[in-house]
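Let's take a walk through this protein, one piece at a time. Have the sequence and the model open side by side as you read.

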Amino acid sequence: MNRTDRLYALVEELRAISPRCRSARDLAARFEVSVRTIERDIAALQESGVPIYPQPGRRGGYALDKDMSLPPLNFTPAEAVAIAVALGRAGQPPFARHARSALRKVVAAMPGRDGDEARELATRVRFVEAAEDAGAAAASAQAARAIEDALLHRRVLRIGYRDAKGEVTARDIEPGVFLGGLGGLWYLVGWCRLRDDVRVFRLDRITHATATEERCPARPPETFVTDVPDVLVRNPVLD
């Protein structure tokens, strides 16, 4: 994670638990950097005007002004767990880290007792999967971030891709859409410059990915729609 992404993620991490605090040591472990790096990052955020305040004491740390946190949410414990179940059944989808962050915000913004009951209910829910399939559909964290960034900012993506025979080729991709839902597997549909055509790439077969500085040519989403027999393809609904 580069510094810009980490600064943003730090704010979101503190926002999710506000008005509670998080120690520099916990934040360092969360972002896999040193405590000194976290302290420098917090100082930079404070200088830029983000209302982060130190809280002294044995259980102290850094807290974000509660005015920047979500107001109490009227989710029931069962509704909060339903969101967690929906995310868990989707395997390792694109934006998985953002989904986890969003879920933490939802639970943190619930009134204390409801949040506690949601956590308790969640301990009584289990997912079942074959041991050999565990994590099989997950792209690496680094590759996932690069893919998200390329798709969001319309950048050409440079990847290594392992085909069904195990052979790895280098590809420059103009990312189009994410396709997922069947069997927990997710795919990136994009214009492959090597093949000069639309291709579908399984995320777990992408060995590495880098978002370049080159902007993608404008291509409508319909360019990347693939015909799958007996399958309905739809967009996520945000309202």
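Where is the place of Ala78? Look in helix α4, which covers residues 77-89. Before going on, some ground rules: this is a predicted model, where local features need pLDDT of at least 70, side-chain atom pairs count only at pLDDT 80 or more, and totals for chains, interfaces and linings use all residues. Residues are numbered from 1 along each chain as its sequence is written, and side-chain values use heavy atoms, with hydrogens and water left out. Helices (H or I, at least four residues) and strands (E, at least two) are DSSP runs, numbered from the N terminus.

Back to Ala78. Its relative accessibility is 47%, so Ala78 counts as partly exposed; buried means under 20% relative accessible area, exposed over 50%, and partly exposed in between (1.4 Å probe, protein chains only). Ala78 sits 36 residues from Asp114 in sequence, and their C-alpha atoms are 9.5 Å apart in space.

Now for helix α2. Its buried residues include Ala24, Leu27, Ala28 and Phe31. Seen down the axis of α2, the buried residues fall within an arc of 100°, so they line one face of the helix; that arc is taken from the directions from the helix axis to the C-beta atoms. Arg25 and Ala29, on the other side of α2, are exposed. Among the elements covering the buried residues are α1, α3 and β2 (61-64), where contact means heavy atoms within 4.5 Å.

Glu32 lies in the loop between α2 (24-31) and α3 (35-47), and its relative accessibility of 73% is why Glu32 counts as exposed. Arg154 also isn't a glycine, and has a positive phi of about 60°. You'll find Arg154 in the loop between α7 (141-153) and β3 (155-162), partly exposed because its relative accessible area is 24%.

Next, a helix pair. The axes of α1 (residues 3-17) and α5 (residues 96-109) come within 7 Å and cross at roughly 25°. Axes here are lines fitted to C-alpha atoms, for helices over the stretch in contact, and angles run from 0 to 180 degrees between N-to-C directions. From α1, Glu12, Glu13, Arg15, Ala16 and Ile17 meet Ser101, Arg104, Lys105 and Ala108 of α5.

Finally, the sheet. Five strands make up an open, antiparallel sheet in the order β6-β5-β4-β3-β7. At the edges are β6 (197-202) and β7 (206-215), each pairing on one side only; two strands pair if DSSP finds at least two bridges between them. From one strand to the next, the twist averages 45°.

Inside that sheet, strand β4 (residues 168-180) runs antiparallel to β5 (residues 186-192), joined by seven bridges. Leu179 stands opposite Tyr187 in β5. β5 and β6 pair in the antiparallel sense over six bridges, with Val189 opposite Val200 in β6. These two strands form a hairpin with four residues between them, and Asp196 in the turn has a positive phi of about 55°.
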